[in-house]
Amino acid sequence: MDEYLERELIKVEDMIGFSASRIISRPLVPPEHVYFSLTNRCCLRCIMCDIPKSPGRQEDELNTDEIKKIILQIKDLGVKHLIFSGGEPLLREDLTELIRFSRESAIPWVDIITNGTLCNDEVARSLIGSGLNHVTISLDGISEVNDAIRGKGSFAKSVEAIDKLNYYKEKMKVTRPSIGINFTIMNKNINDMLKIVDFAKNKKCNTIVFQPVLMSNVSMYERKKNALWPAAEEMPLLEENICKLVDIKEKTKGILIYTDSAILKSIPGYFRGKKPGRRFKCYEGIKRIVITCDGKLWSCKGLYGDLKKENLKQIWFSIQVQKIRDAVHKCKAHCLQDCVYFPMDISGQVKHFLLAIGDGQDNTHARERIISRIDYCISELLKRAKPIFLSNFYQKRLEVHKLNVLKKEISKNHELGA
């Protein structure tokens with residue numbers, strides 16, 4: 001099975017595990033990814049970012065050896081996807097060393113999120129040679145629009161970074177790292193939502209992630225509109241552009257636009273203060289881990305551990321983080337970040353994946369792994385399906401029933417295919 005299919009299969013397995021985990025507010029599978037903020041320092045002052053307001057000191061950041069110890073704990077927890085972020089991670093002189101160490105420690109997928117303005121020829125070659133899987137460049141518009149948000153001259157430097165990465169990948173005859181764009185939707189760049197798609201195509205980018213601006217990217221629990229919210233008269237254009245993005249995504253089978261269609265369709269409602277529908281469930285404390293540059297474990301519900309004092313696995317299964325999960329389970333906020341949405345149509349997602357890979361050995365292998373994950377989740381749910389609270393009891397039993405139905409469908413189709 002090639003790397004792409006393997007990664008998609010892991011997503012399907014995770015989807016089943018995360019859905020069951022949320023029912024019992026306890027992780028049954030490792031987190032999908034770890035966001036590791038290496039620094040709060042940054043060379044830009046973006047108008048929607050609150051990090052520069054309290055940047056911290058470089059001497060308070062974890063040193064190289066401390067980070068490596070945590071990387072080994074991330075691997076030990078079973079996490080397969082590590083994302084280095086900031087601040088601006090390229091300000092860390094040991095970044096490529098940490099990427100290389102992560103890959104050598106058998107973490108399959110290691111990415112960075114950067115504004116790209118510091119990516120000169122030497123940095124581009126170093127990143128490519130480190131074994132990095134993916135680079136996400138933060139761009140919030142074309143030319144002057146991006147510069148008005150991120151700082152004068154930043155667009156040209158970010159574009160130059162993309163060009164250099166593509167140039168050296170071709171010169172070194174490699175396909176990695178793939179390149180993506182993060183686009184934060186706000187009132188200043190609604191006109192550029194479609195333009196950034198054309199830009200990405202022209203620059204050989206692999207993915208675009210669209211996300212709505214937060215009230216605060218530091219205090220995510222804040223629920224108040226700010227000066228970057230689209231005005232009422234701007235909403236029709238936003239809705240029109242969202243419809244076009246969804247259409248593009250569906251026509252290209254999601255290859256370029258990574259953001260889920262349900263997330264895209266919900267962005268106008270988010271800006272109107274509309275509460276999420278029932279299909280939106282928060283998976284904070286289950287689906288991801290966020291580590292700060294000084295080694296704290298962060299969530300939108302507060303800090304819940306210090307890796308300078310405790311082991312990652314001990315914290316992840318501790319009472320502190322269980323309180324976070326319990327609070328998240330009751331949360332009705334609507335931030336549309338990647339920890340929130342997860343497709344509830346598990347059966348449809350599994351069938352779509354199996355159909356996409358076709359018949360053959362890969363299909364058989366995938367079915368066996370999916371059935372194994374279903375069996376595991378059913379077993380764990382049944383252990384905890386005690387009728388202490390009737391509503392929760394029936395919810396667990398319903399989930400078990402759905403998983404059993406899915407398992408029978410997969411098995412039946414496999415027998416027919418054979």
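Me: A crossing is called left-handed if the near helix is turned anticlockwise from the far one by less than a right angle, and right-handed if clockwise. With that convention in hand, which hand does the crossing of α12 and α13 have?

Reply: The model considered here is predicted. In it, α12 and α13 cross with a right-handed sense.

Me: Which residues of α12 and α13 meet?

Reply: From α12, the contact takes in V350, F353, L354 and I357. Their partners in α13 are D362, N363, A366, R367 and I370. Sorted by class, this contact of α12 with α13 comprises six nonpolar, one polar and two charged residues.

Me: α1 also packs on α12. What are the crossing angle and the handedness of that pair?

Reply: The axes of helix α1 (residues 3–24) and helix α12 (residues 346–357) come within 11 Å and cross at roughly 165°. That angle makes α1 roughly antiparallel to α12. The crossing of α1 and α12 is left-handed, whereas that of α12 and α13 is right-handed.

Me: Which side chains make up the contact of α1 with α12?

Reply: An α-helix has 3.6 residues a turn, so residues three or four places apart point the same way. In α1 the residues are L5, E8, L9, V12, M15, I16 and S19, and they meet I346, Q349, V350, F353 and I357 of α12. This contact has nine nonpolar, two polar and one charged residues. V350, F353 and I357 of α12 also take part in the contact with α13.

Me: Turning to charged side chains, how many salt bridges does the structure hold?

Reply: Side chains of opposite charge can pair when their charged atoms come close. The structure holds 23 salt bridges. One of them joins E32 and K287, at 3.0 Å from N to O. E32 is in the loop between α1 and β1, K287 is in the loop between α9 and β7, and the two are 255 residues apart. Residues under 20% relative accessible area count as buried, so K287, at 5%, is buried.

Me: Which elements does the pair D121 and K164 tie together?

Reply: D121 and K164 form a salt bridge of 2.8 Å, N to O. D121 lies in helix α4 and K164 in helix α6, so this pair ties together parts 43 residues apart in sequence. D121 is partly exposed, at 31% relative accessible area, while K164 is buried, at 14%.

Me: Where do K296 and D306 lie?

Reply: K296 and D306 meet in a salt bridge of 3.9 Å, N to O. K296 is in strand β8 and D306 in strand β9, ten residues apart. K296 is partly exposed, with a relative accessible area of 24%, and D306 is buried, with 12%.

Me: Which residues are linked in a network of salt bridges?

Reply: R41, E61, R92 and D94 are linked in this way.

Me: Finally, which residues of helix α3 are buried, and what covers them?

Reply: In α3 (residues 95–104), the buried residues are L95, T96, L98, I99, F101 and S102. Their cover includes α2, β2, β3 and α4. Just after α3, A106 adopts a positive phi of about 75°.

Definitions and conventions
Residues are numbered from 1 along each chain as its sequence is written. This is a predicted model: local features need pLDDT of at least 70, side-chain atom pairs count only at pLDDT 80 or more; totals for chains, interfaces and linings use all residues. Side-chain values use heavy atoms; hydrogens and water are left out. Axes are lines fitted to C-alpha atoms, for helices over the stretch in contact, and angles run from 0 to 180 degrees between N-to-C directions. Helices (H or I, at least four residues) and strands (E, at least two) are DSSP runs, numbered from the N terminus. Angles under 35 degrees count as roughly parallel, over 145 as roughly antiparallel, 65 to 115 as roughly perpendicular and the rest as oblique. Contact means heavy atoms within 4.5 Å. Ala, Val, Leu, Ile, Met, Phe, Trp, Tyr, Cys and Pro count as nonpolar, Asp, Glu, Lys and Arg as charged, and the others, Gly among them, as polar. A salt bridge is a side-chain nitrogen of Lys or Arg within 4 Å of a carboxyl oxygen of Asp or Glu. Buried means under 20% relative accessible area, exposed over 50%, partly exposed in between (1.4 Å probe, protein chains only).
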